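Please look through the structure below with these notes beside you.

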Amino acid sequence: MTDRHPMWESLGMDLENHDNLCAVLPMAFGDTYLSQENRPEGMAFWDMVVSDIHGIRPAELIEAQESGQKVIGTFCVYVPDEVVVAANAIVTGLCGGSQFWVPDGEKYLPKDTCPLVKASVGARFGRTCPFFRIADLFVGETTCDGKKKAYEILAQDAPTYVMDMPQMKRAKDVAKWADEIRDFKGVVEELTGNEVTAETLGAAIKLINDKRRALARVYDCRKNKVIPISGKDALLMMQIAFFDDPARCAEMCNKLADELEQRIADGVSVFPEGTKRIMIAGTPMAIPNWKMHHIVETCGGAVVVEEACTGTRYFEKLVDETQTTLDGQIEAIAERYMGINCACFTPNEGRVDDVLRLAKEYQVDGVIDVNLKFCGLYNTEKRTIGAACEEAGIPYLGIETDYDDADAGQLRTRIEAFIEMLG
Ligand code: BJ8
């Protein structure tokens, strides 16, 4: 494998500490992923990406920067990739999913902050993530309080722009979001020196929709009684979609979907017949957070769908491709993104509908609603989601956890009992 140390050094990374991270990741990946049996062959692509996770894509991004492209780092699925792509720039997801980054984050944030926020800040300030070194601009959004305050701190160290998210979804809020997207377009144009036109934005809408369609094809395969892919593998595909090239992502997901469709036709399942089908709902699981999926799938369950931003919230709903003017396209983008149901909105009945709809579509036997510790938004919504599941006769389990493995044993006991109770 190519020695990436010179590249990491040129990015000003803390090489010694980063080597510690590089030493633990392959072990975690081996234990969690490579131990699975009968994986789809198409997963070899994602295994390869993980095997050089801080090498392959960062090297591509640096090469793109050398040829004049800009890289924009984002933290939330509300920030529209289309606008960035239309200005010939590249989007990379930046949310931190490892406990490794949390202590560095705690030097800047209160301990009782959500681990996703702490890990993201820690990855930047600890200089142990190349993506946080490469991005020319961080783009935040006013979703939860933890993120809002974290962007102020990140802005002290790196160029940061924050989009002002509405908190409700009335027509005037959608119009306001369209305005924010117009402003964001201006920011991206200034950064890149490239004008966003109806033609480039139209092409970007199509490209990102194609990626969504490909991800949806893989998810559609998970609706089948035959389960052709584990939840862990689907999660990995989804996590890497946040920072891969969108055309390549679509191509690889479509190839995987071809294989999964064939597996379904041949009756090839990765789980024994009768394995209980679980939905994981709740907060995002940024790479390499595989904790809940791993526990569920080693406790006799199969995760068949994620009602999460690292799941259906990322690809469901397409942007209308028929608009031909910039204004029409921006409004169509605003409409699509405001259709995502995050707990930062009030009211948020759409999320309840999503959970119930997905439970039917994916034929789930039970819902495990997981929120990251100190995420008051998703924690509070548990009550509503739990009540709706109960009313619909869907077994429900609420869990609060973080990136640390200290509670893994206890979670395992609860999840085993839950799956057993499903009969
Ligand atoms: S659209 S879920 S990506 S804000 S960081 S809210 S876990 S306390 S990530 Fe999110 Fe956008 Fe919503 Fe999705 Fe809670 Fe943590 Fe905040 Fe979080």
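1. P288 sits in the loop between β5 (276–282) and α14, where helices (H or I, at least four residues) and strands (E, at least two) are DSSP runs numbered from the N terminus. The peptide bond that leads from I287 into P288 is cis, with omega near 5°. Most residues other than glycine have a negative phi, and most peptide bonds are trans.

2. Before going further, please keep in mind that this is a predicted model, in which local features need pLDDT of at least 70 and side-chain atom pairs count only at pLDDT 80 or more, while totals for chains, interfaces and linings use all residues. Residues are numbered from 1 along each chain as its sequence is written, and side-chain values use heavy atoms, with hydrogens and water left out.

3. Which residues other than glycine have a positive phi? One is N38, with phi near 60°, and another is Q363, with phi near 50°. N38 lies in the loop between α2 and α3, whereas Q363 is found in the loop between α17 and β7 (366–372). N38 counts as partly exposed because its relative accessibility is 40%, and Q363 is likewise partly exposed because its value is 30%; here buried means under 20% relative accessible area, exposed over 50%, and partly exposed in between, with a 1.4 Å probe and protein chains only.

4. I394 belongs to the loop between α18 (376–392) and β8 (396–401). Is I394 buried or exposed? I394 counts as buried because its relative accessibility is 13%. Not counting residues up to four places away in sequence, I394 touches L356, A359, V364, G366, V367 and C389, a contact being heavy atoms within 4.5 Å. The C-alpha atoms of I394 and C22 are separated by 41 Å, and these two residues are 372 residues apart along the chain.

5. The largest nonpolar core has 148 residues, and W46, L236, I368 and I415 are those with the most contacts inside it; such a core is a set of buried Ala, Val, Leu, Ile, Met, Phe, Trp, Tyr and Cys residues joined through side-chain atoms within 4.5 Å. Helix α11 (residues 198–221) gives the most to this core, with nine residues. If neighbours within four places in sequence are left aside, L236 is in contact with F29, Y33, M43, W46, D47, V50, I287 and W290.

6. W46 is also one of the buried residues of helix α3 (residues 44–51), together with F45, D47, V49 and V50. The buried residues of α3 pack against α2, α4 (56–66), α12 (231–241) and α13 (246–266).

7. The second largest pocket has a volume of about 490 Å³. Of the 21 residues that line this pocket, the closest to its centre are A28, P288, W290, Y403 and D405. On a 1 Å grid over the protein atoms alone, a pocket is an open set of points with protein on both sides within 12 Å along at least five of seven lines, a cavity is a set where a 1.4 Å probe fits but cannot get out, and lining residues have an atom within 4 Å of a point. Grid points are joined across faces, edges and corners, and a volume is the space filled by probe spheres set on the points. α2 (15–34) gives the most to the lining of the second largest pocket, with six residues. The lining of this pocket divides into 10 nonpolar, six polar and five charged residues, where Ala, Val, Leu, Ile, Met, Phe, Trp, Tyr, Cys and Pro count as nonpolar, Asp, Glu, Lys and Arg as charged, and the others, Gly among them, as polar.

8. How many cavities of 30 Å³ or more does a search of the whole structure find? The search finds three, and about 80 Å³ of space lies in the largest cavity. Its lining residues include E307, R313, K317 and D354, and α17 (349–361) supplies the largest share, three residues. The lining of the largest cavity divides into two nonpolar, three polar and seven charged residues.

9. Finally, 17 residues surround the ligand, and the closest are C114, C144, C309, C342 and C375; a residue is near a molecule if one of its heavy atoms lies within 4 Å of it. The shell around the ligand has 13 nonpolar, two polar and two charged residues.
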